[in-house]
Structure formats: structure tokens, C-alpha cells
Amino acid sequence: MSNIVFHAGTVTREERARLLKQTGATIWFTGLSGSGKSTLAMALEQVLIRHGHAAYTLDGDNVRLGLNAGPKILAETRGYGAEQADRFGLGFSAADREENVRRIGEVAKLFADAGLFALTSFISPFRKDRDAARRAHEQNRTGAIPFIEVYVNTPIETCERRDPKGLYKQARATVGAGQKAEFTGIDAPYEPPVAPELTFDASTQTTEQGVELVLKYLKDRGLLH
């Protein structure tokens with residue numbers, strides 16, 4: 001029998017909202033590699049901070065260096081033994097990608113519950129995993145937390161052309177050699193959102209337009225006070 005029991009705090013979310021002049025929420029940017037997720041999230045974070053609002057971007061690469069690090073990083077920088085590193089480290093298999101999204105969904109929920117705007121920038125390719133993160137926000141024990149899915153729907157041709165890390169080129173070469181790259185959009189699937197709150201296309205819209213799009217949504221929903 002588990003002895004783990006939820007312990008409610010004494011500070012209400014309404015009190016935090018009055019202090020921060022905002023209602024905490026998670027803004028979940030999803031899309032292909034190179035689609036502009038991180039660029040948009042970080043530009044939005046900067047504008048929010050400049051206007052006196054608390055926000056923090058949880059970037060996919062950055063999280064993979066710590067909370068969701070792989071076995072090699074855990075062994076080299078955290079002193080994990082091989083068995084422990086393999087057990088807790090995350091790679092890029094379907095199961096590990098699912099756990100990657102689950103962990104970040106829980107962290108984002110904590111940030112948003114604390115009253116911040118948690119901006120998450122992850123490919124998060126599987127619809128069921130993003131839906132699970134949304135459900136965790138909706139079923140939060142102290143009341144539902146706004147979960148705003150932003151589909152960065154930049155065409156793969158544009159993503160490949162931009163390819164800031166050279167990942168598409170590498171994946172194409174791997175697949176061309178008859179091997180598995182497990183790269184989203186090339187030989188691994190990406191399941192687009194069915195009904196995202198917002199959609200942005202970096203091939204036809206500027207980053208500034210994307211920031212305005214999200215800000216307008218936050219204002220219209222009354223999340224910016």
C-alpha cells in the first residue's frame with residue numbers, strides 16, 4: 001500500500017495570479033525539427049519578461065542535457081554507474097520519447113501551477129503523448145491549468161532548407177545507406193495536432209507575427225491581467 005498522499009499548499013493560485021498579474025499556463029510548441037519552435041518560444045519569453053510577466057522556456061535540447069539526459073551524459077557528468085544510467089537515461093526510441101514528453105509535461109505543469117507561463121519547445125511527435133500532457137493539466141488536483149497547444153506547421157521542405165544543425169542531411173544520408181535514422185519526418189512519424197489552439201507557419205509568418213498571435217490569445221483568454 002502506498003503512503004504517498006497529495007498535500008495541498010496554503011497559497012492559492014488566485015493569490016499567485018494577483019501577485020504576478022497573470023494566470024499561469026503551459027504553452028506547448030510542437031512541430032518538426034527546424035520548424036522554428038524554439039525561436040518562437042524564446043522570442044515570446046523575451047516579450048513577456050519585458051512586459052513584466054514571469055515566463056520560462058523549456059527547450060528540448062536543454063532538457064536533454066539534464067532532467068532527460070541520456071545514459072552517456074548521466075555516466076560522464078553525474079557519476080551514474082552503467083546500470084543506473086541505462087535505467088534512468090533517455091534515448092530516442094518511441095518509449096523514451098514518450099517518457100521525455102511525460103517528464104516535461106509534469107515539470108511544465110508545476111511551473112504553470114506556480115503562476116508562470118511555461119513555454120515548452122519539443123518535437124513531441126506522438127499525439128497521444130501531447131494529449132496525455134494536456135490531460136494532466138486538465139486533471140490537476142488543485143484545479144485545471146490552461147494548456148495551449150501551438151502547432152508550428154512549417155513545411156518539411158522549409159525545415160530541411162533551414163536545417164540549422166545539419167540533422168536532416170545526416171538523416172537522409174543514413175536512410176540512403178539503408179540504415180534506420182529514426183528521425184522525425186524522415187523515417188519516423190510526426191502526428192500533427194487535431195485541434196491545436198494556435199497554428200503558426202514560419203515559411204509564411206515572421207517570428208514577430210507569431211509572438212503577436214500568442215499574445216493576443218493570452219489576452220483574449222484573460223490570462224494576462
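Me: Where does serine 124 sit?

Reply: This is a predicted model, and in it serine 124 is in the loop between strand 3 and helix 7 (127-138).

Me: What does serine 124 touch, leaving out residues up to four places away in sequence?

Reply: Trp28, Thr30, Val101, Arg130 and Tyr190. With threonine 30 there's also a polar contact between the two side chains, at 3.3 Å.

Me: Take serine 35. Where is it, and what is it in contact with beyond its neighbours within four places in sequence?

Reply: Serine 35 lies in the loop between strand 1 and helix 2. Setting those neighbours aside, the contacts of serine 35 are Val152, Thr154, Cys159, Arg162 and Ala202.

Me: Why does serine 35 count as buried?

Reply: Because its relative accessibility is 0%, and anything under 20% is called buried.

Me: And lysine 37, buried or exposed?

Reply: Lysine 37 is buried, at a relative accessible area of 7%. That lysine is found in helix 2. Among the residues lysine 37 touches, not counting those up to four places away in sequence, are Phe29, Thr30, Ser121, Phe122 and Val152.

Me: Which backbone oxygen does the lysine 37 side chain have a polar atom 2.9 Å from?

Reply: The one of leucine 32. The side chain of serine 35 reaches the backbone oxygen of leucine 32 too, at 2.7 Å.

Me: New topic, strand 3. Why is it described as largely enclosed by the rest of the structure?

Reply: Because five of its five residues are buried. Both faces are covered, with Phe117, Leu119 and Ser121 buried on one side and Ala118 and Thr120 buried on the other.

Me: How many bridges join strand 3 to strand 1, and how do the two run?

Reply: Five bridges, and the two run parallel. Strand 2 (residues 55-59) pairs with strand 3 in the parallel sense as well, over five bridges. Threonine 120 in strand 3 has tryptophan 28 opposite, and leucine 58 stands opposite that threonine too.

Me: Last one, the largest nonpolar core. Which residues touch the most other members?

Reply: Out of 24 residues, those are Ile27, Phe29, Leu44, Leu48, Phe117, Ile148 and Leu218. Strand 1 (25-30), helix 2 (37-50), strand 3 (117-121), strand 4 (147-152), strand 5 (198-200) and helix 10 (207-220) each put in at least two residues. Helix 2 gives the most, with six.

Me: What does leucine 44 touch, apart from residues up to four places away in sequence?

Reply: Ile27, Phe29, Leu119, Val211, Val214 and Leu215. There's another core apart from that one, made of 10 residues, including Trp28, Leu58, Phe122 and Phe147.

Conventions: Residues numbered from 1 in each chain as written. Predicted model: local features only at pLDDT ≥ 70, side-chain atom pairs only at ≥ 80, totals over all residues. Heavy atoms only, no water. Core = buried A, V, L, I, M, F, W, Y, C linked by side-chain atoms within 4.5 Å. Buried < 20%, exposed > 50% of the residue type's maximum accessible area, 1.4 Å probe, protein only. Contact = heavy atoms within 4.5 Å. Polar contact = N/O pair within 3.5 Å; in protein donor to acceptor, adjacent residues only side chain to side chain. Pairing = 2+ DSSP bridges.
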